[in-house]
Amino acid sequence: MADNIRFTLNDRPVELVGVSPMTTLLDWLREQRGLKGTKEGCAEGDCGACTVVLERGNAKGVGRREAINACIALLGQLDGQSVRTVEGLQGPDGAVHAVQKAMAESDATQCGFCTPGFVMSAYAFAAGGEKADLETIHDALAGNLCRCTGYRPIVEAMTKVAGLPSEPAPVRPTRAGSAVFGGSFFAPRSLAELLKLRTAHPEALLLAGATDLGLLASRSRKPPAAVIHIAHVPELTAITEDKEQITIGAGATYAAAMPTLIAAYPALKAYLARLGSRQIRSLGTIGGNIGTASPIGDMPPVLLALEASLRLVSSRGGRDLPLEEFFLGYRKTALAPDEVIQSLSMPRLWPGEVFFCDKVSKRRDQDISTLAAGYRLRIKNGKVEDVRIGFGGMAAMPKRARHVEAALLKEGFAAALAAVPKDFQPIDDWRGSAAYRLQVAANLLRRLELRIADPARAVEVEAL
Ligand SMILES: Cc1cc2nc3c(=O)[nH]c(=O)nc-3n(C[C@H](O)[C@H](O)[C@H](O)COP(=O)(O)OP(=O)(O)OC[C@H]3O[C@@H](n4cnc5c(N)ncnc54)[C@H](O)[C@@H]3O)c2cc1C
Ligand code: FES
Ligand code: FES
């Protein structure tokens with residue numbers, strides 16, 4: 001079976017014949033389509049010069065717009081989607097769009113290299129009718145870098161378009177059944193098909209949002225030989241909750257999962273705002289963050305603290321595995337070659353329980369953690385009765401701080417701080433020396449003590 005990739009580009013249907021599904025959207029736009037408004041700065045998702053907008057419809061027929069990085073998105077991922085580039089942006093009656101007008105009137109461009117990317121991020125923001133506050137504007141722009149204008153006029157332009165009435169995104173028909181592009185890009189539409197493909201093609205990599213794997217095609221110029229794309233499998237994208245727990249499909253994007261996660265664990269609001277950028281969170285998934293098993297991934301430490309459990313499935317059946325037992329060593333996991341992570345579930349916070357998390361990185365936005373940590377505690381009459389702490393960046397894999405937890409329960413925070421080296425012997429690298437990591441981990445525990453001792457002070461500390 002061979003299928004052609006079909007999607008909508010700037011309101012016009014496109015069908016690709018004989019184009020590799022592993023080509024990046026950016027390469028195709030610029031080199032094959034001649035649309036050079038979308039720029040290549042870094043080719044690894046960091047600078048935002050390549051930002052385009054996905055216009056997505058949901059099952060209820062309501063559309064939404066999401067900025068993505070064209071440099072790491074593969075053409076196969078776009079099948080059935082609707083893409084808008086800067087060339088496809090216009091206001092009523094063919095006039096320039098309000099965002100472009102605001103950028104020009106605020107003198108928000110100099111050499112212009114970054115401008116189309118900013119315009120597209122601003123378009124996704126403005127068309128969504130979001131709030132005009134600075135925090136939201138900064139969040140919308142965190143994935144775009146400008147090297148010459150400076151951000152003040154760009155933010156000013158954003159304040160002009162913020163709060164405009166939202167523009168309804170067109171909802172277009174998507175592909176109903178499974179597809180195979182170029183003999184190597186498998187796009188199943190059901191769990192049964194996904195599992196069959198996983199068994200039949202053990203060499204194929206699972207592909208979710210491609211915010212890790214897409215770099216093979218862009219930065220390394222060595223795209224994967226074969227992939228199974230899980231983003232259209234409903235059993236993997238479902239988000240459900242009941243009184244006891246919340247369950248997030250491994251293929252649900254951060255953008256889709258964030259409202260549920262933040263409602264259940266409010267401390268994740270500030271934390272997730274620092275995971276990549278909006279462009280990354282529009283396609284990236286928590287399943288991919290766990291699947292890639294990086295020792296400095298942001299989600300595993302907080303999920304370890306939250307007592308997450310994974311549902312792993314294969315054509316042999318399914319099993320539930322505590323996340324703690326999933327990581328076995330440096331980028332080594334308990335996932336069998338024929339298995340897929342279907343979802344992860346976390347118990348809700350019970351009365352008396354609190355949850356906090358921290359990310360320490362060299363740069364505030366768009367940076368991988370040097371250290372990350374999550375803490376779930378049950379407190380009664382000012383005494384910690386139960387605790388789970390997960391750390392990333394402190395060992396070859398994300399890990400619970402078992403000695404710290406035991407010391408905290410038995411003897412209090414001073415003993416917990418002293419126990420950090422018993423749990424972790426971190427490595428030195430360019431992000432931080434082993435001594436630095438140990439010191440920061442201890443400092444984060446001090447911060448946790450402050451947060452628990454005085455909730456008012458906790459807010460003050462949070463704002464640092
Ligand atoms: C610019 C930039 C900034 C970033 N910032 C951060 C950050 O701040 N914090 C952070 O933690 N990460 C960051 N990342 C890394 C990346 O965005 C995350 O790891 C993301 O969660 C990966 O999800 P994905 O869906 O894109 O995974 P993919 O790239 O599609 O896949 C990643 C890996 O997971 C495997 N996989 C995917 N889904 C499954 C599944 N269901 N079952 C089993 N295996 C699976 C794949 O085979 C692959 O090995 C950043 C990346 C970029 C490019
Ligand atoms: S070229 Fe820099 S984010 Fe894509
Ligand atoms: S205007 Fe030159 S990089 Fe932004």
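Analyst: One definition before we start: the domain bounds used here come from an automatic or database domain assignment. Also keep in mind that this is a predicted model.

User: Okay, what makes up the shell around ligand 1, domain by domain?

Analyst: Domain 1 (1-172) and domain 2 (237-347) each put in at least three residues. In total, 34 residues surround the ligand, and the closest are Gly45, Ala208, Gly209, Gly288 and Gly291.

User: How do you know that a residue belongs around the ligand?

Analyst: The test is the C-beta atom, placed from the backbone: if it lies within 6 Å of the molecule, the residue counts as near. For ligand 1, 34 residues surround it.

User: Which helices and strands supply at least two residues of that shell?

Analyst: That would be strand E8 (205-207), helix H11 (278-283), helix H12 (286-291) and strand E16 (340-347). H12 gives the most, with 4 residues.

User: How do you know whether the radius of gyration of the protein agrees or disagrees with a compact globule?

Analyst: Compare two values. A compact globule of 464 residues would come out near 23 Å, and the protein has 23 Å, so the two agree.

User: And what makes a residue buried?

Analyst: It needs 20 or more other C-beta atoms within 10 Å of its own. In this protein, 47% of the 464 residues count as buried.

Methods:
Residues are numbered from 1 along each chain as its sequence is written. Chains are lettered from A and ligands numbered from 1 in the order in which they are written. This is a predicted model: local features need pLDDT of at least 70, side-chain atom pairs count only at pLDDT 80 or more; totals for chains, interfaces and linings use all residues. The radius of gyration is taken over C-alpha atoms; the globule rule is 2.2 Å times the number of residues to the power 0.38. A residue is buried if 20 or more other C-beta atoms lie within 10 Å of its own, exposed if 12 or fewer, and partly exposed in between; C-beta atoms are placed from the backbone.
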